[in-house]
Structure formats: C-alpha cells, structure tokens
Amino acid sequence: MSKPEFTPNEMMTIAASRALKNDDVCFVGIGAPSAACNIARLTHAPDITLIYESGTIGTAPDVLPLSIGDGELCDTALTTVPVPEMFRYWLQGGRITIGFLGAAQIDKYGNINTTVIGDYDCPKTRLPGGGGAPEIATSSQEVYITLAQSKRGMVEKIDFYTSFGHGDGGDHRERLGIDTKGPTLLITDLAIWKPDPVTKEFTVVSLHPGVTRDQVQETCGWTVTFADGVEETPPPTELELATLRDLKARTEAAHKGA
C-alpha cells in the first residue's frame with residue numbers, strides 16, 4: 001500500500017496535534033494552533049479541553065473559527081465564562097496545561113513578536129498584536145508554538161517582545177519570577193524543535209520526511225543547532241490526513257456560506 005501524499009503544512013499541523021494529550025487543558029490560538037488542537041480532539045485526544053480567549057470552555061467546533069469571537073465556539077462549548085474570569089481564574093490560576101501559540105516572528109529562545117515589523121514608532125508592518133498571548137506565554141504550564149519556516153519569521157532578534165519565551169536564555173524566566181516552563185516545543189513545516197535543557201536555545205530534534213538539514217538552515221535566520229541523533233517525524237496516517245482535510249473542507253464551505 002502506498003503512503004499518503006501530504007503537504008509541508010499538513011505535516012506541521014499533524015505533528016503539532018500529536019503533541020497534545022487526552023487530559024490536556026489547552027488555551028488555543030487562532031489559525032494553525034486551532035487546526036492542530038482540533039485535529040487532536042478529532043483523533044487521539046477526544047477528551048481534551050479546548051479553551052479560547054473569548055471565554056469558551058470545552059468547545060468542540062465543527063469548523064475552524066475565524067476569530068475568538070466566532071459564534072461556532074460559543075455554540076459548541078460546554079460553558080462560556082466572562083473574559084476576566086477566563087484569565088484570572090483559569091489562566092493565571094495555573095489551570096492551563098498547554099498554551100498553543102502562533103508567531104509572526106520568533107527567535108531561538110522562543111520569544112514571540114506579533115506586534116510590529118520594523119521600528120515600533122514607524123513600522124514596516126503593523127501586526128494584529130498580542131491579545132491574550134503575553135499572559136498565555138507566562139501563565140500556561142507549557143507553551144507550544146507553530147509556524148512555517150522562513151528567514152523573515154525566524155530571526156536572530158525579534159523587532160518587538162510581544163510574548164516572553166526564554167528571554168536571553170538560561171534561567172532568564174526564573175530570574176524574572178516566572179515559574180512556568182515556557183516554550184517547550186516548536187513545530188514548523190520542516191522540523192520539530194525543543195529547547196536545550198541548559199541554554200534554552202531551540203534545537204532540532206526531528207526532521208519531517210524528505211527534509212534536509214540544509215533546508216532547515218536555509219529558512220532560519222540564526223545558526224541552527226541539531227540534537228545528537230536527530231529523528232525523522234513519522235508521516236501523517238491516512239486517518240490524520242482525512243480528518244484534517246475534512247475539517248478544512250467543512251471550514252471553507254461554511255465560510256463561503258455553503
């Protein structure tokens with residue numbers, strides 16, 4: 001039987017979904033994080049609790065939301081609480097096991113920029129901003145990040161600190177009194193990265209099928225460190241691919257008004 005064909009973006013989404021467990025309580029970002037979290041819910045983690053910034057708890061959307069205010073989230077949630085309760089009780093109360101974020105820019109220590117590209121007072125591009133991401137980055141027990149690799153997105157120094165990762169590396173979080181783990185996983189369309197236990201610099205631990213080390217370096221703005229014994233990410237299964245493609249087809253039809 002031939003193996004199913006897949007795109008780099010599909011591999012990224014499915015690899016990210018596999019990192020989630022059935023008993024996780026996950027604070028979900030819109031976009032790629034939302035797709036990964038819902039694929040996990042629809043496959044190996046049916047009891048995962050998905051929480052969105054608008055206050056929806058235990059939501060199970062049939063299509064991917066356009067924003068945190070999408071009615072699909074509230075319609076399918078177990079309950080919806082006020083946003084202050086969401087942040088003060090659930091997030092800052094330490095009840096979120098995984099915060100799942102995207103990024104416009106990221107550095108090798110997992111610091112995220114979603115505010116501006118270029119100088120803050122006269123930016124080249126003004127981005128959507130942080131929303132609740134800064135709080136998610138510091139208050140979730142762990143943070144997972146997903147993005148497509150490019151030198152524009154993976155930079156030596158981000159233009160603005162929107163969401164704090166590991167700062168300058170090492171024990172920077174602890175020195176600031178932040179007692180959560182911070183970014184523990186970075187999933188891109190080419191590889192899976194984990195922070196070095198000491199330096200906290202993201203290190204490639206797994207290459208997706210067919211991807212070379214040169215490809216990873218060519219699309220990254222810093223000198224990439226590879227772990228000893230880099231593995232190959234298992235390719236998507238037929239079930240994972242079918243689930244992802246069905247979800248995206250339903251989403252596209254719904255957003256077109258079909």
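Buried here means under 20% relative accessible area, with exposed set at over 50% and partly exposed in between (1.4 Å probe, protein chains only). Helices (H or I, at least four residues) and strands (E, at least two) are DSSP runs, numbered from the N terminus. This is a predicted model, in which local features need pLDDT of at least 70 and side-chain atom pairs count only at pLDDT 80 or more, while totals for chains, interfaces and linings use all residues. Residues are numbered from 1 along each chain as its sequence is written, and side-chain values use heavy atoms, with hydrogens and water left out.

Nine of its 11 residues are buried, so helix 2 is largely enclosed by the rest of the structure. The buried set consists of Pro33, Ser34, Ala35, Ala36, Cys37, Asn38, Ile39, Ala40 and Arg41. Contact is taken as heavy atoms within 4.5 Å.

In the segment before helix 1 sits Thr7, which counts as partly exposed because its relative accessibility is 38%. Thr7 and His255 are 248 residues apart in sequence, and their C-alpha atoms are 22 Å apart in space.

Next come the helix pairs. For these, axes are lines fitted to C-alpha atoms, for helices over the stretch in contact, and angles run from 0 to 180 degrees between N-to-C directions. Angles under 35 degrees count as roughly parallel, over 145 as roughly antiparallel, 65 to 115 as roughly perpendicular and the rest as oblique.

Helix 1 and helix 2 pack with their axes 8 Å apart, at an angle of about 60°. That makes helix 1 oblique to helix 2. Thr13, Ala16 and Ser17 of helix 1 make the contact with Ala35, Ala36, Ile39 and Ala40 of helix 2. The residues of this contact split into five nonpolar, two polar and no charged.

The axes of helix 2 and helix 8 come within 10 Å and cross at roughly 120°. Helix 2 is therefore oblique to helix 8. On the helix 2 side, Asn38, Ile39 and Leu42 meet Thr243, Leu244, Leu247 and Arg250 in helix 8. Four nonpolar, two polar and one charged residue make up this contact.

For helix 1 and helix 8, the axes come within 11 Å and cross at roughly 110°, so these two helices are roughly perpendicular to each other. Asn9, Glu10, Thr13, Ile14 and Arg18 in helix 1 meet Glu240, Leu241, Leu244, Arg245 and Lys248 in helix 8. Here the tally is three nonpolar, two polar and five charged. Also in helix 8 is Ala242, partly exposed at 36% relative accessibility. Ala242 and Asn111 are 131 residues apart in sequence and 33 Å apart in space, C-alpha to C-alpha.

Then there are the nonpolar cores, each a set of buried Ala, Val, Leu, Ile, Met, Phe, Trp, Tyr and Cys residues joined through side-chain atoms within 4.5 Å. The largest has 32 residues, of which Phe27, Met154, Leu186, Trp193, Val204 and Val216 touch the most other members. Strand 1 (25–28), helix 4 (83–91), helix 5 (133–139), strand 10, strand 12 and strand 13 (202–207) each supply at least two residues of this core. A second, separate core of 22 residues includes Ala36, Cys37, Ala40 and Ile48.

Finally, the loop between strand 7 (112–113) and strand 8 (116–118) holds Thr114, which counts as buried at 14% relative accessibility. Leaving out residues up to four places away in sequence, Thr114 touches Gly102, Ala103, Ala104, Leu127, Pro128, Gly129, Gly130 and Thr162.

Notes: Nonpolar A, V, L, I, M, F, W, Y, C, P; charged D, E, K, R; others polar.
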